[in-house]
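Open the model in a viewer and keep the selection panel at hand. The stops below are meant to be taken in order.

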Amino acid sequence: VLELIGSLYADERRWDEMGLTEPGERAALRKAEWTPRLNWLKRAATGLRQDVLPKSRLGLACQYLLNQWEPLVAHLEHGCTRIDNNCAENTIRPAKLGM
């Protein structure tokens, strides 16, 4: 699972390095390259959730992922979104810390 997540970040980095800024291009690449991996991730989370206690850390993580599935796969449709919100968090951090 961690390797899969790392591969998504690697794709984003590669597309940035290629200069792919057109949202339609990026969305098409996400759909083509990420859909099979995300489908595997959903199957893995569903299977793991059945094999562990619901209140265990892994059980809670799987349930959280499955509860957030629709927003996650909606990301495939929007090439202007980023894989995380690190830029926004880094921008507001000084204000939040009173700097």
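Does His 75 count as buried or exposed? The model is predicted, and in it His 75 counts as buried, at 13% relative accessibility. The cut-off for buried is under 20% relative accessible area.

**Stop 1: the loop around His 75**

Select His 75 in the loop between helix H4 (69–74) and helix H5 (86–97). Now show what surrounds His 75, leaving aside its neighbours within four places in sequence: Glu 12, Arg 30, Trp 34, Thr 81, Arg 82 and Ile 83 are in contact with it.

**Stop 2: helices H1 and H2**

Next, select residues 2–17, helix H1, and residues 23–51, helix H2. Two packed helices are described by the angle between their axes and the distance between the axes. Here the axes come within 11 Å and cross at roughly 170 degrees. H1 is therefore roughly antiparallel to H2, since angles over 145 degrees count as such.

To see the contact, show side chains on both helices. H1 contributes Leu 4, Ser 7, Leu 8, Asp 11, Glu 12, Arg 14, Trp 15 and Asp 16. From H2 come Arg 26, Leu 29, Arg 30, Glu 33, Trp 34, Arg 37, Leu 38, Trp 40 and Leu 41. Colour these residues by type: 8 are nonpolar, 1 is polar and 8 are charged.

**Stop 3: the aromatic pair**

Which two residues form an aromatic pair? Select Trp 15 and Trp 34: their rings are stacked, with 5.7 Å centre to centre and 25 degrees between the planes. A search of the whole structure finds 1 aromatic pair. Trp 15 lies in helix H1 and Trp 34 in helix H2, so the pair ties together parts that are 19 residues apart in sequence.

**Stop 4: salt bridges at Asp 11**

Hide the tryptophans and select Asp 11. Asp 11 is buried, with a relative accessible area of 7%. With which residues does Asp 11 form salt bridges? One partner is Arg 14, the closest N and O atoms being 2.9 Å apart. Arg 14 and Asp 11 both lie in helix H1, 3 residues apart, which is about one turn of the helix.

Another partner is Arg 37, where the closest N and O atoms are 2.5 Å apart. This pair links distant parts of the chain, with Arg 37 in helix H2 and Asp 11 in helix H1, 26 residues apart.

From Arg 37, move on to Glu 33. These two form a salt bridge whose closest N and O atoms are 4.0 Å apart. Both lie in helix H2, 4 residues apart, about one turn of the helix. Glu 33 is partly exposed, with a relative accessible area of 26%.

**Stop 5: the salt-bridge network**

Select Glu 12, Asp 16, Arg 26, Arg 30 and Arg 82 together: they are linked in a network of salt bridges. For the structure, the count comes to 9 salt bridges.

**Stop 6**

Follow helix H2 to Arg 49. At 30% relative accessibility, Arg 49 counts as partly exposed. Leaving aside its neighbours within four places in sequence, Arg 49 is in contact with Cys 62, Gln 63 and Leu 66. A distance drawn from Arg 49 to Ile 92 spans 35 Å, C-alpha to C-alpha, and the two are 43 residues apart in sequence.

End at Lys 55, in the loop between H2 and helix H3 (57–67). Lys 55 is exposed, with a relative accessible area of 74%. Between Lys 55 and Ala 45 there are 14 Å in space, C-alpha to C-alpha, and they are 10 residues apart in sequence.

Terms used: Residues are numbered from 1 along each chain as its sequence is written. This is a predicted model: local features need pLDDT of at least 70, side-chain atom pairs count only at pLDDT 80 or more; totals for chains, interfaces and linings use all residues. Side-chain values use heavy atoms; hydrogens and water are left out. Axes are lines fitted to C-alpha atoms, for helices over the stretch in contact, and angles run from 0 to 180 degrees between N-to-C directions. Helices (H or I, at least four residues) and strands (E, at least two) are DSSP runs, numbered from the N terminus. Angles under 35 degrees count as roughly parallel, over 145 as roughly antiparallel, 65 to 115 as roughly perpendicular and the rest as oblique. Contact means heavy atoms within 4.5 Å. Ala, Val, Leu, Ile, Met, Phe, Trp, Tyr, Cys and Pro count as nonpolar, Asp, Glu, Lys and Arg as charged, and the others, Gly among them, as polar. A salt bridge is a side-chain nitrogen of Lys or Arg within 4 Å of a carboxyl oxygen of Asp or Glu. Buried means under 20% relative accessible area, exposed over 50%, partly exposed in between (1.4 Å probe, protein chains only). Rings of Phe, Tyr and Trp (its six-membered ring) pair if their centres lie within 6.5 Å; planes under 30 degrees apart count as stacked, over 60 as edge-to-face and the rest as tilted.
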